[in-house]
Amino acid sequence: MNIDAKFEKISKYVDDNDIIVPFRKTSASAGYDFYAPVTITLRPGETMKVPTGIRVELEWDWVLKIYPRSGLGFKFRLQINNTVGVIDSD
C-alpha cells in the first residue's frame, strides 16, 4: 500500500514560482526533501526562521517530523534549534 503525503504551495511569505513541493528523491528515500525557497546566508552563531512556502495535509493519526540531512549537520553544523520539528494533525 502506497500512502503519500499531500503538500501544497502557499505563497504568503515567498514567491510561488520559487517553491518546490517536497518529493522523495528515490523509492528508497526515508522521507521527503524540503527546499528553501529563498537564498540563505548565515554567519557563525546566527539563527534564522526559514519559510518553506508549504502546507501539508495530515491524516488524523499522522505526524510530520523535520530533520536536517545528516551531512548538513556534520559538514556545516546546521541544526534545528528545538532539536526535532514535530507537527501533528491537531
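## How confident is the prediction?

Which element of the protein chain has the lowest mean pLDDT, and which has the highest? Strand S4, residues 85-88, has the lowest at 58, while strand S1, residues 6-9, has the highest at 88.

Keep in mind that you are looking at a predicted model. The protein chain averages a pLDDT of 78, and 84% of its residues score at least 70. Where pLDDT is low, the predicted coordinates should not be read in detail.

## The overall fold

The protein chain contains four strands and one helix, and their order along the sequence is β-β-β-α-β.

Now consider contacts between residues with a separation of 6 or more: 45% of them in the protein chain join residues 24 or more positions apart.

## Surface and interior

The protein chain has 90 residues, and 11% of them count as buried. Its accessible surface comes to about 7700 Å², and carbon and sulfur atoms account for 52% of that surface.

## A visit to Ser-11

Let's zoom in on one residue. Ser-11 sits in the loop between S1 and strand S2 (54-57). How does Ser-11 count in terms of accessibility? Ser-11 is partly exposed, because its relative accessibility is 42%, and the partly exposed class lies between under 20% (buried) and over 50% (exposed).

What does Ser-11 touch, neighbours within four places in sequence aside? Ser-11 is in contact with Asp-16 and Ile-19. Arg-55 is 44 residues away from Ser-11 along the chain, and their C-alpha atoms are separated by 10.0 Å.

Notes: Residues numbered from 1 in each chain as written. Predicted model: local features only at pLDDT ≥ 70, side-chain atom pairs only at ≥ 80, totals over all residues. Heavy atoms only, no water. Helix = DSSP H or I, 4+ residues; strand = E, 2+ residues; numbered from the N terminus. Buried < 20%, exposed > 50% of the residue type's maximum accessible area, 1.4 Å probe, protein only. Contact = heavy atoms within 4.5 Å. Areas by Shrake-Rupley, 256 points an atom, 1.4 Å probe, with all protein chains shown as cover. pLDDT = per-residue confidence, 0-100.
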